[in-house]
Amino acid sequence: AYKIYYYVCEFKNLTKAANILYVTQPAITRQIKKLEESLGKTLVIRTTKGIELTNEGQLLYNEIKAPMERILHAENTFKYKLDNYETNLKIIAGHFTIKKMLLPAMTKFNKKHPKVKFEMNTYPFSKAIQKLRRNEADLIFFTKDELTESYNDIITKNICEIQDILVVSSEVKRKYPNKISILDLNRFPTISKPENSSCRNMIDKYFKEAGQKFIPTYELSNYWLVDEYVRLGLGIGFEIKQFIEDDLQNENLVEIKTEEVLPKRQMAYAMKKNSACYEIIREFMKEVKFSWLYKMLRDKHVYCLSLLNHGKV
């Protein structure tokens with residue numbers, strides 16, 4: 001409670017305090033209220049510009065500032081000694097997420113922190129969240145539409161937006177139109193993840209609203225298998241554009257446009273609030289986000305150069 005109060009006083013803003021502490025703003029408000037009740041004093045007053053300290057609130061802040069800063073310094077000194085920290089970080093993510101997003105970051109992270117080892121597994125989201133909450137996993141990756149309820153014991157953070165698209169192998173492109181309606185998919189061989197998966201739910205919704213049912217030719221458990229079937233020329237597959245950007249640019253895979261606008265989805269990660277690996281995960285996620293951003297910028301750069309070389313711009 002005093003740590004929260006310290007940051008609230010520092011920023012004079014509940015949202016900024018919540019962000020730096022990785023908690024929600026209502027949680028900040030509850031802790032301040034509890035502190036006020038335990039001391040029998042009003043400490044802060046909320047205004048349209050943020051918060052103001054009462055006289056009693058300012059007095060308390062003056063008393064706790066120095067000792068709290070010594071505690072935070074000691075905390076950071078301990079947490080950031082990652083070079084000598086030896087642990088096994090258990091991560092659950094999809095095959096493509098591991099291959100395209102995590103492996104490049106892991107390689108760079110391990111050069112800085114060689115004693116941090118990674119254990120990778122792939123499970124459906126329902127099982128992944130259970131393992132996280134039972135401390136059988138430290139970090140899980142998922143799309144926000146999979147999170148249908150809130151959990152008090154976990155922290156979720158957004159990573160990036162992803163876009164689902166229809167693709168075919170370039171070798172069989174001539175068999176398919178350049179643009180189709182989602183509702184025409186049953187006329188073609190299709191490759192999809194099973195029912196109740198995120199992308200599949202989106203497609204099934206289009207068919208249900210039209211009083212129809214989507215019947216894919218192949219139902220596969222993950223995007224990696226969908227991608228393999230597409231490359232074999234077995235049909236139209238649903239894939240994540242950001243994960244196959246290189247193949248689209250090299251024309252190994254070809255996108256088939258849809259008449260309907262497929263909504264973007266939000267990729268995110270989750271960890272336990274009181275995880276012993278909190279600082280390691282935070283450092284690792286910085287590397288993940290940096291590596292992913294670098295890849296996206298590089299892909300855009302290569303694509304622009306390709307257009308230029310072919311006289312298309």
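A pocket here is an open set of grid points with protein on both sides within 12 Å along at least five of seven lines. With that in hand, I opened this predicted model and went looking for space.

**Entry 1, second largest pocket.** I found about 810 Å³ of space in the second largest pocket. Its lining counts 37 residues, and those closest to the centre are Tyr123, Pro124, Phe125, Glu146 and Lys193. I then checked which elements supply at least two lining residues each, and noted α5, α6, β5, α7 and β13. By class, I have 18 nonpolar, 13 polar and six charged residues in this lining.

The largest pocket came out at about 1,100 Å³. I see 36 residues lining the largest pocket, with Leu21, Tyr22, Val23, Ile155 and Lys273 closest to its centre. Among the elements that each supply at least two residues are β6 (154-162) and α10 (278-309). Which helix gives the most to this lining? I noted α3, with five residues. The class tally for the largest pocket reads 17 nonpolar, nine polar and 10 charged residues.

I moved on to residues 223-231, where the buried ones are Tyr223, Val226, Asp227 and Val230. Why do they sit on the same side of α8? They cover an arc of only 100° around the axis, so they share one side of the helix.

Asn222 caps the N-terminal end of α8, with a side-chain oxygen 3.1 Å from the backbone nitrogen of Trp224. Just after the helix, Gly233 takes a positive phi of about 80°.

Conventions: Residues numbered from 1 in each chain as written. Predicted model: local features only at pLDDT ≥ 70, side-chain atom pairs only at ≥ 80, totals over all residues. Heavy atoms only, no water. 1 Å grid on protein atoms, 1.4 Å probe; cavity = no way out; pocket = protein on both sides within 12 Å on 5 of 7 lines; lining within 4 Å. Points joined across faces, edges and corners; volume = space filled by probe spheres on them. Helix = DSSP H or I, 4+ residues; strand = E, 2+ residues; numbered from the N terminus. Nonpolar A, V, L, I, M, F, W, Y, C, P; charged D, E, K, R; others polar. Buried < 20%, exposed > 50% of the residue type's maximum accessible area, 1.4 Å probe, protein only. Arc of directions from axis to C-beta. Polar contact = N/O pair within 3.5 Å; in protein donor to acceptor, adjacent residues only side chain to side chain.
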